[in-house]
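Hi everyone, thanks for coming. Let me put the structure up, and then we can walk through it together.

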Amino acid sequence: MRIVIGEDSALFREGLSRLLTENGHDVAGTAETADSLVDVVRAVDPDLTIIDVRMPPTMTDDGARAAVTLRAERPDRPILMLSQHIETRHVVELVGTGGFGYLLKDRVLRVGDFLDAMRRVVDGGSALDPTIVAALVAPTRADDPLAALSAREREVLALVAEGRSNGAIAAQLVLAERTVESHMRSIFQKLRIDDAPDTHRRVIAVLTQLRQ
Amino acid sequence: MFRPRRLVAAATILFVAVAGVRAVLAYGPASIGDTADWPVSTGLLLPSLLLGCLVAARAPASPIGPALALTALMPALVFTVEDWGSTYGTDAPWPGARVVGVISGGVWAWLFLGFVALVLLFPDGPLPGRRWRLIWAAVPVSAALVNFAVATDLANFADGRFGDPPFRLPDPLRRGLNFGAFALFFVVLLTAASSLVVRYRRGDRPTRLRLGWLTVAALSVPILLATSWLGIVLGAPADVMYGGFLITMFILVPGAITVAILRHDLFDVDRLLGTTLSWLVTTLISAAVFAAVVFAVGNFFPDRVGITTAAFVTALALLPLHHWIHRTVARLVDPDRTVALARIRDFVRRVRDGQAEPEQIESVLRDALDDPGLRVLLRRPGEQLDVPDGAIPLRTGDSLVGALTLGTTSARRLRRAREAVVEARLPIEVSRLRVELREALAEVRASRARLMEDVAAERQRLERDLHDGAQQRLIAIGMRLRSVQYQLSPGVPAYRELDEVVETLEHTVAELRRIAHGVRPSRLDDGLAVALRDLVADSTLPVDLVVPELEVAESAATTVYFTVGEAIANALKHARATRISISVGVTDQVLRAVVRDDGVGGAREGFGLRSMRDRVASAGGEFTVDSPPGAGTSITVEIPCAS
């Protein structure tokens, strides 16, 4: 697939493009600043855009804002955000949409998982880092519907939010797939969400709920 | 133009001339009266004249100087007329002695002229209005009428010294004239007295104080006059009764008036007068006590015992008596000073009792000394204080601690302010020390806050460096290792080894992230609310967290974040709580966080609480713990934050 990388650290940028090229992808363009990234993406129109949250000029959340800009221009453009640590403030509005991923940078070292996540995003799915999902599914108030979930249900929900299928979840938690399905029903009931057969739509429903 | 000094000078010259004439009458061929008459009467009048001169010198614009001189001059003139008339029938009669003698029968009515003028002018000139101008004409007219009525009355010719009266009025007319003249005379006197009431009603505080003096003196005149007449009627020697009246009128009244006029400028005279008076009265009362005891005890015991007892009793009574009299006299003679010092003493007492702040000393001094421009300057630590000209320096030992500047300066005010400063030394010193302490504390707080901001900035930089520097490099190295790995075939041992190396690298990155988080939680980049939500997500207890999105300073946010974290840890570790509630918000520019649990309570001040307290204090905030045994623990953090 054709990929554009927005990343200010040359070391990381070169390492990543080399890794991606070696795995059969085409790094069609790179950008060091948020502004130039938007221009490059417009010009190249890649299949996937990988963006570092923290970029020049201000080194705060310029990457996230560039992502928002790009999404505004093309709502289904697949975007994979990377960052050194969890920053949810500016990506949270993109989290519930399809074709979006948000991972910590060190996930890149698990090359296979990383390539999977890229594939899911390009297919319109979701790829969220477990730590980010944990931050999203943690109950913050007594009346938070998340507080009603059991520990196991929360675990399942986190995996759903990461974009895993029922089968993948069952394998990860060493459960029967039917057990995972019954957990899912219970979760949707407690969160008052209509169940959906399609994994992607399911994730989106969950994340939309969590975002509020 | 009104020239009080010239009038006083003219009156003085006239007085001297008239005194000369009387001296000739007394010691010349006519030899009128006793040899003591001239010195006694002149001596009686002299105080009024001298006081008039004193007032004219001290208060040149005041009409009271001439009025006082007039009170001396009029009697001198009256006495001269009387003495002149007395030469009739002697060996050396003066020209016109018979006529003058007849007139002198009622000439005493003119004695009051000076006094009435004084009452009408006191303390600052004639009263406005037509009615009050009319009385200036009525005074001489009524005196002349009385003089005429008395001089032409049959009684004046009863002893036949002056032969037959010049004319005889029919009895009813004579009685009518007598009654009318005296009635008018009294009405004029009463009206003059009533002007004091009018002035008192309209007057301000100094005017009222001055009038108080005059009123007492003025009231004594008609009373004494009536008393002397009554005494004469009852058969007392006329000279004695008349003498008492004269002494009152010519010494006490002018004295009181002079004090009233000059009081505000002659402070030392007040004190002198007060001290003299109080000792005089003390001496008199002591003597009376002594005499009374000697008399009372002497009837029963030998002389020596009586005298010893008397001395003992007197000595015992003397000091408290003197204190009491001194205070009373001081209050009477110099009420302003007494009131001012009493106010300051009262203030000092209230400061000592904690009812007043020592910093109020300036307003108290302004009030007490009646000087709105007064200022208390205090030397600030590390600064030099320039004492302005005319200011009163305040010292503790050898060091200059401040200065008192007056809005209006006069010798008297300076003297009084010096006395006040001595009384107010304690609150002045205390407020100086408190200013010093406050400034030192403020400086310490400010420098601590600066330090904390620096620390916070430093932590932020360190966290960035860890994330963007070391962490990023490690991941880049990891990626290169992966690239190298994929060039190998999966079967070779190096392939497996590289897998392990990359895994170690991942752990190292995670470790670095944890370290960076301890330095400064990077979630604070998303705001305090997000960071706190993240924090409580790790809690094994249910946490109710109420926190809106807040924009607060880095150091305040970090402090609240870490303190709340420690509070949660404490609740988990020690409190055996089942639930924690946290609320964070900003009200009135104070960031306030409350962490409450339902545990066993009774938290004791230990290392945990102290480190939280220190952390909060270093951010310029306050930390309070409420932890009654059995009723949970509530920890409140309040940090000022200017938004």
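Let's start at B:Ile261. Leaving out residues up to four places away in sequence, B:Ile261 touches B:Val55, B:Ala59, B:Ser62, B:Ile64, B:Phe122, B:Pro123 and B:Arg210, where contact means heavy atoms within 4.5 Å. Before I go on, a word on the source: this is a predicted model, where local features need pLDDT of at least 70, side-chain atom pairs count only at pLDDT 80 or more, and totals for chains, interfaces and linings use all residues. Residues are numbered from 1 along each chain as its sequence is written, chains are lettered from A and ligands numbered from 1 in the order in which they are written, and side-chain values use heavy atoms, with hydrogens and water left out.

Back to B:Ile261, then. Which residues touch the most other members of the largest nonpolar core? They are B:Ile64, B:Trp108, B:Phe112, B:Ile257 and B:Ile261, in a core of 54 residues. By nonpolar core I mean a set of buried Ala, Val, Leu, Ile, Met, Phe, Trp, Tyr and Cys residues joined through side-chain atoms within 4.5 Å. Buried is under 20% relative accessible area, exposed is over 50%, and partly exposed is in between, with a 1.4 Å probe and protein chains only. Helix α3(B) gives the most to this core, with ten residues; helices here are DSSP runs of H or I with at least four residues, strands are runs of E with at least two, and both are numbered from the N terminus. Apart from that core lies another, of 38 residues, with B:Leu545, B:Phe562, B:Met612 and B:Val616 among them.

Stepping back, chain B has 19 helices and eight strands. Of its 643 residues, 43% count as buried.

Now the interface. How many residues of chain B are in contact with chain A? The answer is 34, and they meet 30 residues of chain A. The two chains bury about 3,000 Å² between them, 53% of it on carbon and sulfur atoms; buried area is the accessible area (1.4 Å probe) that two parts lose on being put together, summed over both. In chain B, B:Gln472, B:Met479 and B:Glu506 lose the most area to chain A, together 21% of what that side buries.

There are three salt bridges between the chains, each a side-chain nitrogen of Lys or Arg within 4 Å of a carboxyl oxygen of Asp or Glu. One of them pairs B:Asp468 with A:Arg54, at 3.2 Å from N to O. On the side of chain B that touches chain A, the elements giving two or more residues are α15, α16, α17 and β4 of chain B, and α15(B) has the largest share, 16 residues.

Finally, some local geometry. Most residues other than glycine have a negative phi, and most peptide bonds are trans. In chain A, a cis peptide bond joins A:Pro56 and A:Pro57, with omega about 10°, and A:Pro57 is in the loop between β3 and α3 of chain A. A:Val174 has a positive phi, near 55°, and is exposed because its relative accessibility is 72%. Over in chain B, B:Gln589 also has a positive phi, near 60°, in the loop between β5 and β6. B:Gln589 counts as partly exposed, at 44% relative accessibility.
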